Amino acid sequence: MTACLVCGESKWISLPDPGPRSMASDWRVVDERLARVLCAGCGLVRRDPTASTGASFYASGYGLYGHPPGDAREQARQDEYARWIAHGTGYRPRRVLDVGCGNGSLLRALRAHWPDAELMGCDPSRESIAEGFGDGVRLWTGTASNLPGDVSADLVIAVNVIEHTIDPIAFLTDLRAVLQPDGLLVIVCPDGGRPGLDLLFVDHVFSFSREHVGTLLSRAGLQRLGASQSPRSLGTFQMAIGRRRDATQKKAIPAPPRAEDVTTYLERWRQLDDRLHPRVQGSIVCFGAGEAAGLLRAYAPRVWSSVRACTVDGLPAASAKAEESPGRFGELPMIPLESVPPDETMLVGVRPADQPRVAERLAARFRRVVTWYDLVDGERV
Ligand SMILES: [Zn+2]
């Protein structure tokens, strides 16, 4: 197998697959193994290259942003990303380029902070760009590797993109090439410093700790000016801010070992279906219709087969996923919370860290509220 792009070692440890199938970042269940391996030298986790999905994955049928911006839940999340980025950089850019912009909903949120800036974005998904945010924003179908020759920006951002790339150093080098000399580059991606949900998305080629991102930036001729952790409500993400420098650096920033943690974590996900099954009985309604519900569908199929419907607050509302017809989560109907009888089992299908809070609220209405955060996070929550 190939040498590690962070430390150069060629010794990889195979990690447990949580199931025979896996989930993609648009919540589709994919008929491929997760196929994670971990570098014995630096703890970098990646997908086994022989199992890689490849860039064509996003060109067509990728459902995450194949709809016009404006969905309330999506925009609230993008507003939070925009606040984090605007405050984190403390910068007033003149020209902003968002690489991997989806339908432009983040650019739309950033406009509130920088009303005078010229906004541009590109994304490999034709559906996302076709549905994208207009209003004077230049959007096109493409990736970092084929940016138009006339494009340059003093703020280049890439939010939750680098972990999908096959060659992150080439990706950063391409972004650097369109960055104006005094400009800033903002990279946001899952924080892999502790094992978490980001490991479970089949199209995440890599899981990076902060040290890994720092090393990649310096390899690509960028100096890291700062790093920060996302607001907890967004999940567990990291932001690195960089600017151009003249030299590249070869030396890797030492990263803490994590083989045991990551192995234990994926092993817990492998056992989730068997361990959660005894907690549920009869007819089940899942509270949640996002990534956590998708993870249950992909990695706890026996439990999921007893779920009759999904619900969230404030229904009726159409699901934001292109794959899902309005009012459905995959094969299941979405039903209003008020219509669920109090004696039905309510399975909490939100992110593990949010489950205790949501369960407490649901317990006021439902006799049987089932959580599973302890099964995947152990004593951590
Ligand atoms: Zn390594």
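Two strands are said to pair if DSSP finds at least two bridges between them, and in this predicted model strand β6 (residues 95-99) and strand β7 (residues 118-123) meet that condition, pairing in the parallel sense over five bridges. These two strands belong to an open sheet of seven strands with mixed pairing, while another open sheet has four strands and antiparallel pairing. Helix α5 (residues 210-219) is largely enclosed by the rest of the structure, because eight of its 10 residues are buried.

**The seven-stranded sheet**

- The strands of this open sheet follow the order β8-β7-β6-β9-β10-β13-β12, and the pairing among them is mixed.
- At the edges stand β8 (138-141) and β12, each with a single partner strand, so that one side of each is left without a neighbour in the sheet.
- Neighbouring strands of this sheet are turned against each other by 15° on average, when direction is ignored.
- Within the pairing of β6 with β7 over five bridges, valine 96 stands opposite leucine 119 in β7.
- Helix α1 (residues 72-89) packs on the sheet, where it touches β9 (153-159), β10, β12 and β13, and its direction makes about 40° with that of β13.
- Helix α4 lies across β6, β9, β10, β12 and β13, and it runs at about 145° to β10.

**The four-stranded sheet**

- Strands pair through backbone hydrogen bonds, in either a parallel or an antiparallel way.
- In this open sheet the pairing is antiparallel, and the four strands come in the order β1-β4-β5-β11.
- Its edge strands are β1 (12-14) and β11, each of which pairs on one side only.

- The buried residues of α5 are His212, Val213, Gly214, Thr215, Leu216, Leu217, Ser218 and Arg219.
- What covers these buried residues includes the helix α4 (168-177) together with the strands β10 (179-190), β11 (206-207), β12 (222-229) and β13 (237-244).
- Just after α5, glycine 221 takes a positive phi of about 80°.

**How α4 packs against α5**

- Two packed helices are described by the angle between their axes and by the distance between the axes.
- For α4 and α5 the angle is about 55° and the axes lie 9 Å apart; the two helices are therefore oblique to each other.
- The crossing in which α4 passes α5 is right-handed, and the contact is made by Pro168, Ile169 and Leu172 of α4 with Leu216, Leu217 and Arg219 of α5.
- The residues of this contact between α4 and α5 divide into five nonpolar, no polar and one charged.

**How α6 packs against α7**

- The axes of helix α6 (residues 259-276) and helix α7 (residues 291-299) come within 9 Å and cross at roughly 85°, which means that α6 is roughly perpendicular to α7.
- On the α6 side the contact involves Trp269, Leu272, Asp273 and Leu276, which meet Leu295, Leu296 and Tyr299 in α7.
- The residues of the contact of α6 with α7 divide into six nonpolar, no polar and one charged.

Methods: Residues are numbered from 1 along each chain as its sequence is written. This is a predicted model: local features need pLDDT of at least 70, side-chain atom pairs count only at pLDDT 80 or more; totals for chains, interfaces and linings use all residues. Side-chain values use heavy atoms; hydrogens and water are left out. Buried means under 20% relative accessible area, exposed over 50%, partly exposed in between (1.4 Å probe, protein chains only). Contact means heavy atoms within 4.5 Å. Axes are lines fitted to C-alpha atoms, for helices over the stretch in contact, and angles run from 0 to 180 degrees between N-to-C directions. Angles under 35 degrees count as roughly parallel, over 145 as roughly antiparallel, 65 to 115 as roughly perpendicular and the rest as oblique. Ala, Val, Leu, Ile, Met, Phe, Trp, Tyr, Cys and Pro count as nonpolar, Asp, Glu, Lys and Arg as charged, and the others, Gly among them, as polar. A crossing is left-handed if the near helix is turned anticlockwise from the far one by less than a right angle, and right-handed if clockwise.
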